[in-house]
Amino acid sequence: MSRFVFFFATVALLFAGAFATTAFGQAVSSSPSVRFQVDSLPRAADSGCNWELSIQVDHRSNAIDNAFAATMLIGGALSPEAIAAARDEMRSRGTLGLRGNIRFETSDLAARRGWRIESGIVSDVRWTPELFDLVFAGNASHLGRFDVLNGTRGRAWQLNTIMRTGFWKNEHNALHWGLGLAHRSVGAQGDISTGYFWVSSNVDTLYTSLYGRSTVLEAQGLGLAGQIRYRRTDPASQVALTLEATHLGALFVAPGDVRVEVDTVLGTTGLPLAGDGWSIESLQGDGFAESLIVRDTLAGHFEALPTALSGGLTGAIIPGLAWEVRATVGGWRPTPEAMAGLQFKVGRRSIAGIRAVYGGWGKLRPAIWAALPVGQHHTLTLYAEDPVAAFQGTGLGRGFGLQLAKSLPTGADNRR
Amino acid sequence: MKQHTTWVTTAVIVLLAGALTLWGCRKEPTTWAVDVHLPVVDMLLDWADVLPADAAIEMPPGEVAHLVWQGEVARLDVSGLGQIPDTTVANDLTPDFVGGPIAVPPGSTLLDEFEDISFDVDGPEFRRLTLDSGLLAWTVESTTDGFVRLQYDFPGVVKDGVPVRLDIVLPPATEVGGLASASGVIDIAEASVDFTGISGTSRNKIASHLIIGTPEDISDTAQVFGDDSIRVAMTFSGMKVRDIEGYFGSFDVDVNEGLPLFDPSTFPSGLIGLSPLRADLMLVNNMAADLRLNLTSLSLGGTSIDHPSIGQDQYLARADWSAGTPPVADVWSMDLLSTTPAFFDVLAALPDSLRASGELEINPLGDVSGGNDYFHKDYPPLLKLDLDVPLNVALTDLVFRDTLRIAPTEVPDFDGRLHIEVRNGFPVQMSLAGAWQPSGSSFAATLEPRAGGAGEAPVTTISVPISSEELAAGGDIQFEAGLATAGYKNFTGHERIRIRVRIEGTHNVVIE
């Protein structure tokens with residue numbers, strides 16, 4: 001009965017999240033920061049064909065709370081309090097990640113071969129607090145100080161991969177790999193390499209400089225993608241080590257994308273009313289903004305995939321209870337992401353876990369997950385990151401995952 | 001277990017449905033308010049902004065600055081010179097026999113004729129001119145049963161170094177309904193035109209050479225009947241000259257030149273006290289033709305000004321163009337400091353205009369140069385002023401009114417103020433008042449005069465409330481400035497007013 005209660009509660013949480021008024025971003029986001037533990041579960045048998053279907057959505061920020069994000073997406077008025085709250089959350093920079101993907105993977109256990117097909121979006125936005133202030137609060141409170149805009153950037157890809165996978169294992173070691181094609185259909189990216197803004201305290205002088213680029217990625221990108229995962233179990237200590245690299249490889253992007261570049265410096269005590277160059281008249285004239293922009297068409301070039309590297313340890317504490325830790329870098333994360341958690345058996349065949357996650361795009365947050373048997377040969381895994389805050393306007397993101405796999409969970413004490 | 005599967009299926013469907021529902025949510029604008037403080041305008045007004053571009057302020061050390069200006073105030077209208085009437089010349093070639101047909105083999109010449117095209121110019125005898133604009137329209141018609149070649153040369157009309165030529169081949173008329181025709185237009189702007197005709201000594205004539213025959217390179221024998229005809233018509237039109245040589249004839253031009261001075265709507269009242277050292281009104285003859293000027297009246301506003309030279313014939317010799325441009329011109333001048341009443345006493349009361357009337361005669365002594373008059377449209381006879389005015393000026397309750405037009409500007413959801421900071425570097429007290437219509441915003445301020453020496457210019461700040469509605473409506477700012485000095489004041493020429501505008505307010509950002 002307990003597994004039914006657990007299952008129902010988890011599904012109910014997902015339902016509520018989907019229909020919450022502030023849950024708009026959920027439909028387009030994902031949480032790549034957590035791999036389903038089912039990936040590392042032993043297969044139910046060493047022959048036959050297993051498969052997995054998973055969906056992950058996640059958005060996470062260190063400053064933009066759910067209400068703020070929903071207002072930006074759905075509309076409405078951003079209150080000064082909401083803006084101040086977001087500003088207060090930021091330290092040296094603001095970050096926002098938005099991810100979502102769907103993956104289908106098969107594995108022929110006898111041949112030790114399989115296929116992996118994945119499609120999703122990956123994005124990363126980061127900005128300086130000063131830029132946030134200028135955009136959302138204005139410069140009135142910044143008079144007399146230099147606002148630094150350097151380091152602001154944003155990028156988003158729609159990425160598809162198809163891989164041939166394989167694995168090798170012996171008693172204490174297992175190696176999974178995949179190699180295939182990667183395809184980027186659309187995307188966008190931009191950055192401010194150099195940017196300053198300053199208005200004197202008596203509002204009689206302005207200095208601003210901006211060197212930034214932006215590209216709408218419409219040219220198709222095609223390349224090689226790979227992944228590798230190694231797992232070793234130490235029988236003496238009952239500790240398992242997992243090392244993994246995903247999205248290895250690069251894309252060749254066809255020529256044709258148009259890059260817009262702005263490289264402008266303006267220092268002024270005010271502009272003349274009229275005249276050539278910068279003047280009030282020319283600012284209001286047609287084509288002035290266009291005159292600040294340089295457009296060039298990019299030649300064909302290579303771009304690296306958003307490679308992520310992670311390493312984790314899992315160990316038993318007592319029968320039915322295990323610990324886990326993992327660190328992940330890359331994958332466009334602005335900061336490394338660390339995770340620590342506990343796994344425990346629920347009933348005879350279900351497993352649940354709680355985690356503390358820190359880094360990536362967000363701050364310290366909890367996560368829960370559960371792997372539940374569905375029938376004799378299938379497992380349903382549900383994952384929620386910061387599940388309580390996900391349904392509050394003050395939460396700094398949401399992350400949900402759902403996976404259905406033809407495999408069976410095993411006890412937490414022998415999940416190595 | 002079946003129950004589990006049902007739950008899973010339901011969960012997935014509901015999740016997808018929920019996501020799709022939210023994805024399709026109505027998007028209303030996202031808004032937030034930003035508080036903006038920015039410098040907008042920083043401009044200087046100095047003597048250069050109120051004086052003609054070619055005026056100079058001379059600043060002898062230790063003395064009062066002088067405004068020195070020798071500038072053009074009017075160009076005399078001699079547009080009657082060099083007017084070339086539109087002229088059409090037609091040639092109609094008919095055989096001098098009856099019946100036919102007579103076979104005309106390829107390469108035969110039917111007409112080879114040099115001809116002068118005369119222009120009906122009454123009086124002047126032009127030898128050469130350069131055109132600013134002009135067109136040569138042509139029409140050719142033939143009823144001949146055979147190919148006809150027409151070559152029309154104008155050796156005296158040279159454009160881009162090449163004589164203008166029309167070379168056309170008409171098809172047999174029987175192939176095109178009994179009449180073969182062609183027409184076109186040649187742009188002869190910038191062309192140099194020799195008006196001495198075929199002989200090289202004629203006047204008002206353009207030489208032409210017309211050849212009509214059958215083309216050599218088409219092996220077709222034309223069949224010519226006695227009633228066939230070949231007609232050519234050429235029309236010179238719209239010819240405006242850039243420069244012209246010859247004898248211009250002798251004729252009068254009415255002089256009635258007015259120079260606007262103080263517009264009463266801009267300067268409704270006040271007095272300006274000036275004491276010039278030099279003030280000459282000059283007539284400059286840039287034409288290579290003699291002039292006679294008889295100035296019959298001179299007035300400032302409604303006040304007649306008398307001068308010993310008024311009513312007297314003044315002869316100006318032709319300009320010397322032998323060294324090219326600018327020509328060495330003869331100049332006649334009138335000393336405005338010896339008028340009755342005193343010219344600058346009348347000027348002090350802000351008259352609306354200076355007006356001069358009289359007559360100007362071209363070549364009053366006839367063709368004294370043997371047909372070597374020359375006129376260039378960029379160098380007509382000029383009225384100029386030569387001034388040297390010490391900047392020791394008294395302004396008495398001078399009122400200046402103007403309207404500043406504000407173009408509608410879309411700055412949505414803005415509410416704030418414009419702070420206008422004025423540093424008055426002139427030793428002139430200014431009272432400034434304005435009203436923005438139709439918004440109704442108004443402002444008023446008094447700008448204290450700079451004390452003189454190296455003292456700081458006094459600063460006055462004017463705050464004008466502005467909003468999106470006012471900016472979107474645009475309109476006019478009508479302002480009035482009152483200017484006064486404490487008696488005569490010396491100006492250094494370095495005086496300036498610095499105007500800085502900053503904008504402060506709240507802008508409501510709207511993202512659709």
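Buried residues are those under 20% relative accessible area, exposed ones those over 50%, and partly exposed ones those in between, with a 1.4 Å probe and protein chains only. The structure is a predicted model, in which local features need pLDDT of at least 70 and side-chain atom pairs count only at pLDDT 80 or more, while totals for chains, interfaces and linings use all residues. Residues are numbered from 1 along each chain as its sequence is written, chains are lettered from A and ligands numbered from 1 in the order in which they are written, and side-chain values use heavy atoms, without hydrogens and water.

A salt bridge was taken as a side-chain nitrogen of Lys or Arg within 4 Å of a carboxyl oxygen of Asp or Glu. Over all chains, 43 salt bridges were counted by this rule. In chain A, one of them joins the side chains of A:Glu324 and A:Arg355, with an N to O distance of 2.9 Å. A:Glu324 belongs to strand S15 (residues 321-330) and A:Arg355 to strand S17 (residues 350-360), so the pair ties together parts of chain A that are 31 residues apart in sequence. Strands here are DSSP runs of E with at least two residues, and helices are runs of H or I with at least four, numbered from the N terminus. Both partners are buried, A:Glu324 at a relative accessible area of 3% and A:Arg355 at 5%.

A salt bridge also links A:Arg259 and A:Asp296, at 3.6 Å from N to O. Because A:Arg259 lies in strand S11 (residues 258-268) and A:Asp296 in strand S12 (residues 293-297) of chain A, this contact connects parts 37 residues apart in sequence. A:Arg259 is partly exposed, with a relative accessible area of 24%, and A:Asp296 is likewise partly exposed, at 26%.

In chain B, the closest N and O atoms of the salt bridge between B:Arg128 and B:Glu245 are 3.0 Å apart. B:Arg128 is part of strand S7 (residues 125-142) and B:Glu245 of strand S14 (residues 230-247), so parts of chain B that are 117 residues apart in sequence are tied together.

Chain B also contains an open sheet of 5 strands in the order S2-S3-S24-S17-S21, paired antiparallel; pairing requires at least two DSSP bridges between two strands. Strand S2 (56-58) and strand S21 (330-335) of chain B are the edge strands, each pairing on one side only. Within the sheet, strand S17 (residues 278-285) and strand S24 (residues 382-390) of chain B form an antiparallel pair over 7 bridges. B:Arg278 stands opposite B:Asp388 in S24(B).
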